[in-house]
Amino acid sequence: MTTKHEESAVAHGKCMLNRRQFLLGATSAAATTTTITLFPGTAQAAPVKARVIGYPRKFLAKLSELKDHEPLAFNYPDDGKNTTCTLVKMGNVKAGGGIGPQRDIVAFSNLCTHQGGPLHGTYKVTGDQRTLGQCPFHLSVYDLRRHGIIVSGQAYQSLPQIMLELEGDDIYAVGMMGLLFGRHENLMNT
Amino acid sequence: MSTNYYLPEDSVPLPPKHAEVLTTCCDYCIVACAYKVYRWPLGSGDGGPKASENAFGIDFPSNPLQDWVAPAQHNVVMHKSIPHNVVITPNKDATTVNTNGDSSIRGGLIAQKCYNPKTPTRDRLSTPLMRIYGILQPVPWDFALDVAAEVAKHVIAKHGANAYSVKTYSYQFIENTYAITKYALRHINTASFTFHDTPSDVTSTPGFRDAGFDNFGPSYDDWASADVLMCLGTDPYETKTILFTQHIMPGVYNGMKLIMVNPRETAGVAFAKKMGGLHLDVYPGTDTVLLGAIARIVLENGWQDNEWLKKWVNNKWESNSGFGQGTRNTPWQWRTTWGKFQTKGFEDYKEWLLSQPEYELDKAAELTGVDAAKIRTAAEWIAKPKADGTRVKASFGIEKGFYWSNNTGNTNAISSLATICGAGGRPGQVVGRFGGHQRGGRRGGKLPRNKSPEKVPGRRRRALDTDRWLVSGHTRMAHVIGTTWIQAMSGSQGLQQRFHELVVTNPHQVRTYDKQEIIDTLKARADSGGMVVINQDIYLRNPIGAQFSDIVFPAATWGEEDFMRANGERRLRLYQKFYDAPGDAKPDWWIIAQLAKRMGFDGFDWKNSNDVAEESSRFSRGGRKAYHMLKIYAHRQGRTLHEQLRLLGADGIQGPTFINEKGELKGTKRLHDTTMTAEMIAERYGDNGPGEANMVNKKMTHFNTQTGKVNLQKHPWSLFSDFWTWLKPKDDELWFSNGRINEIWQSGFDDVERRPYITQRWPENFVEVHPDDAKARGIESGDYVMMYSDRVAAQKDTIIGVHNDHFQFSELMKRGHIELSKAAVTAVAVVTPHIKKGMMYANMLDTRQPSNALSARVVDHISGNYNYKMGVAKVQKIGESQYKKEFRSMSFAPRNIT
């Protein structure tokens, strides 16, 4: 396998959630997987070493300035190819990996993980469901409340989700779940 | 088994320059997209992101539509006992099928199929098992084969060949199906034989067969060249994805209109509507009425294609030539005896159709639940001549939702409607099945139908119904190959109960270490009226393997042996071996050969799969995917059949194959090709017609009938309406139907349980319920529900039909041949407006929560097929599932978002 960027989460000091915990999201089941949980500043944090990826911490927006259902474009984890992403506040519906008081703020890659189709402008509200798609290439649709899982379509994985962190009013991107289309590693020297 | 705790990866190795590249095709749906396997030894260095550093020869990050490797497309396998990386990605060189390397979610994830003990494939069967003291214990091949063969010989000698029942897949590669059918049909010669999807060995589409249409006549690009394409009983986007995305979708962008006949509005239906198409949302089982109403509008307005009808439809005398006369044992004969289907040509059909009260528009709208205006629009689209008087080109494609709800009626109706619209064997005007599994069947023997005890009115015997035969206790040894048998059939819980009685509760169970005693015990079980079960599969299935099998043979499969197979446009390709089968697993042809030799049968001395393929080729002559000439061509070049097919690579060749006068190898774009010119014929066969071993029959340029013209058939609702009326929801019941879904179509046998991403999407059985029906029952998305019925009908007796109506459902009921039982299946509710109000739709085969438990175990009385899609059930909430509150898995978003 290729080399992965590994380091101590504690040293990194920026990643609020490990990947597993992130996936478990809002469920009560999170308590069952705390053996490697990393909450800086808590008792568990200090001695634990876990592999996290050295993603940059990038300021995205101010919570107070986000409007419901108005997606915001940004690039992550760098400004190279295939890094276009969308941040959106989904109007008081709780989402896996969502932040903010309503846990309704999420961010995802904007490239379909099937064949790299652009998903810009495909954010949809259907009742209490929130989706990206249909992809203009082959009609894939992704569920933004459920970590970007495929609703219907041809992708090989969920839409890569950007891990977010809220510090005061500031929203930061701090990591990514899943591989961006076209990349063999998310962190490439492009 | 996989769980829904799927953690995405964020890196993947790229294949290096030194990776070996092999071609193969996807193992799953009918389309069979071309894939490339990149293989390189573990630790030999991975590829880099520069074009000069990887096997794709492109820079990473790659661009949209270029090669890319998703983490799920990488695996580690053993090749010649040395660990290797494999990356399996769609073949970007493909110029046919998945043009430019398109892929579906199923094929896209196929690298995960490979056996790797670190993944949920770890429970692949890798050694023969024998149930000793109630436990399936590993035993050597010789031990397992000796016992199986001894018991089989005894059962056949003492109880007759029909006591040995063979239930097998029909598609899992030409070499295997040839070996299995040679063994079962030619040598054992049992009438108790059938395929995975039907209780008896009968045609899936009786209407097509009798009209003269091959199921797979059209070429994939034919589906893109109509003005209007009517898709019935399927959303091709979900279930033959690449046929849709690479052929139908471009057609739509070029102006082709889609008419989707389907009670659900899934992504392809939503796309069709968005592009100006029509959605006819029928109630289950009412397609015949819908098509009758459309045909009526066409005929009332005189929109039929008179020129086509005159040239290509049998008239009175032609209809009667070759069948319908006397009592010959033809598939046609007994039906025509009834006078229920045969017409004297177009005018007779028209007169009949216009006299059917159900096909009047208002009545049809009421029965089908489809808006009358939409029915009228559909008729106009497919048949109303354009302003300049020219005809609209309409094509018609069907699949399981259609032909497994009123098997004979629906397939008759579409054949007739298509014919009056002038469709059949010309570009933009074709009729066919879109297809389910791939076409890997090659018969090495003929079903001895005359050994079947069941006789239908007239003098014709009907193929033996293996389920009813078993339920009646006549099956003493069941040989099950690559199918669940039980959950795949209808009224499945009753069938499972009978398996249990015959196998598990029989007192003769193996409780000894001695081989001869084991053999004697199993013989005693068969002799006492019980049943012995042997099973060949890649995983241990529950219950057929886990609960009922006495002996389990581990099978090698896709990627573990060189195999050949065709897709839905008859395109033959080689599926190459690229890694070692797990443990001691062997291909099915090998397992069958070992058994056959022990039973004293000759002709099973094959050395490898190419030997089997080459032996089988002559039996393919005259068939839709004939590859005999391909073999002859290969031999002339000094190659084997498999080597030749390997050279043909991603695009393979479309059957039937020919060698022309110049010695060139030729394939066949379309069957029933009524537009072939003399030049085209000369190009394919030569100026003097087909020579040498070339075999050309009617289906190349005409239809599969006695005259080569189409039989225009009646499609009376009355043959089905008594069942439909009895079945339709009473009280609090809803229609209950089931089927495949995009993410697990034709891949459920290893996908949904062992592909973490798919398991995360569909961790268990689901049922779609319309919001109004859900609200009335207090059901929300994510609730666990119980679907149940106390009137699952099962036909219990093998009868001798004398009078015309003896097999009619109401008559069977009246005469006490139908038994009503209860069934219950759980599921997670998905409350969604994309399902028609008044019906539910569940996954067709979650082995733990089998939907078919709720469908009637009563065959279509003309064809002998089950109408799997027809059921009713009550539904109630029994609690909340974990998926309701968490966000990790499943999704409750509707499938019709555009």
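# Two chains in a predicted model

User: How many residues of chain A are in contact with chain B?
Analyst: In this predicted model, 56 residues of chain A are in contact with 49 residues of chain B. Contact means that the C-beta atoms of two residues, placed from the backbone, lie within 7 Å.

User: Which elements of chain A supply at least two residues of the side that touches chain B?
Analyst: They are α2 (19-24), β5 (124-126), β6 (129-132), β7 (141-143), β8 (149-152) and β10 (170-177) of chain A. Helices (H or I, at least four residues) and strands (E, at least two) are DSSP runs, numbered from the N terminus.

User: And how do the residues on that side divide?
Analyst: That side of chain A has 19 nonpolar, 27 polar and 10 charged residues. Ala, Val, Leu, Ile, Met, Phe, Trp, Tyr, Cys and Pro count as nonpolar, Asp, Glu, Lys and Arg as charged, and the others, Gly among them, as polar.

User: Before I go on, how does the numbering work, and what does the model need for local features?
Analyst: Residues are numbered from 1 along each chain as its sequence is written, and chains are lettered from A and ligands numbered from 1 in the order in which they are written. Because this is a predicted model, local features need pLDDT of at least 70 and side-chain atom pairs count only at pLDDT 80 or more, while totals for chains, interfaces and linings use all residues.

User: OK, chain A. How many helices and strands?
Analyst: Chain A has 2 helices and 10 strands. From the N terminus on, the order is α-α-β-β-β-β-β-β-β-β-β-β.

User: How much of chain A is buried?
Analyst: Buried residues are 51% of its 190 residues. A residue is buried if 20 or more other C-beta atoms lie within 10 Å of its own, exposed if 12 or fewer, and partly exposed in between, with C-beta atoms placed from the backbone.

User: Back to β10(A). Is that strand mostly covered or uncovered?
Analyst: Mostly covered: 6 of the 8 residues of β10(A) are buried.

User: What does β10(A) pair with?
Analyst: Strand β1 (residues 58-62) of chain A pairs with β10(A) in the antiparallel sense over 4 bridges, and Lys58(A) has Ala173(A) as its bridge partner there. Strand β9 (residues 161-167) of chain A also runs antiparallel to β10(A), joined by 7 bridges, with Gln161(A) partnered by Met177(A). Two strands pair if DSSP finds at least two bridges between them.

User: What sits between β9(A) and β10(A)?
Analyst: The two strands form a hairpin with 2 residues between them. Gly168(A), in the turn, has a positive phi of about 65 degrees.

User: Switching to chain B. What order do the strands of the open sheet have?
Analyst: The order is β11-β10-β9-β12-β13 (chain B), an open sheet of 5 strands with parallel pairing. β11 (278-280) and β13 (431-433) of chain B are the edge strands, each pairing on one side only.

User: Why is β9(B) called largely enclosed?
Analyst: Because 5 of the 5 residues of β9(B) are buried. Val228(B), Met230(B) and Leu232(B) lie on one side, and Leu229(B) and Cys231(B) on the other.

User: How is β9(B) joined to β10(B) and β12(B)?
Analyst: β9(B) pairs with β10(B) in the parallel sense over 5 bridges, where Leu232(B) has Val261(B) as its partner. Another 5 bridges join β9(B) to β12(B), also parallel, and Met230(B) stands opposite Phe396(B).

User: And β11(B)?
Analyst: β11(B) is joined to strand β10 (residues 257-261) of chain B by 3 bridges, running parallel. Met260(B) stands opposite His279(B) in β11(B).

User: Where is Asp281(B)?
Analyst: Asp281(B) is in the loop between β11 and α8 (287-300) of chain B. Asp281(B) counts as buried because it has 21 C-beta neighbours inside 10 Å.

User: What is Asp281(B) in contact with?
Analyst: Leaving aside neighbours within four places in sequence, Asp281(B) is in contact with Asn262(B), Pro263(B), Gly369(B), Val370(B) and Lys836(B). The C-alpha atoms of Asp281(B) and Thr368(B) are separated by 8.0 Å, with the two residues 87 apart along the chain.

User: Last one: which residues of α2(B) are buried?
Analyst: They are Ala144(B), Leu145(B), Val147(B), Ala148(B), Val151(B), Ala152(B), His154(B) and Val155(B). After α2(B) comes Gly160(B), with a positive phi near 95 degrees.
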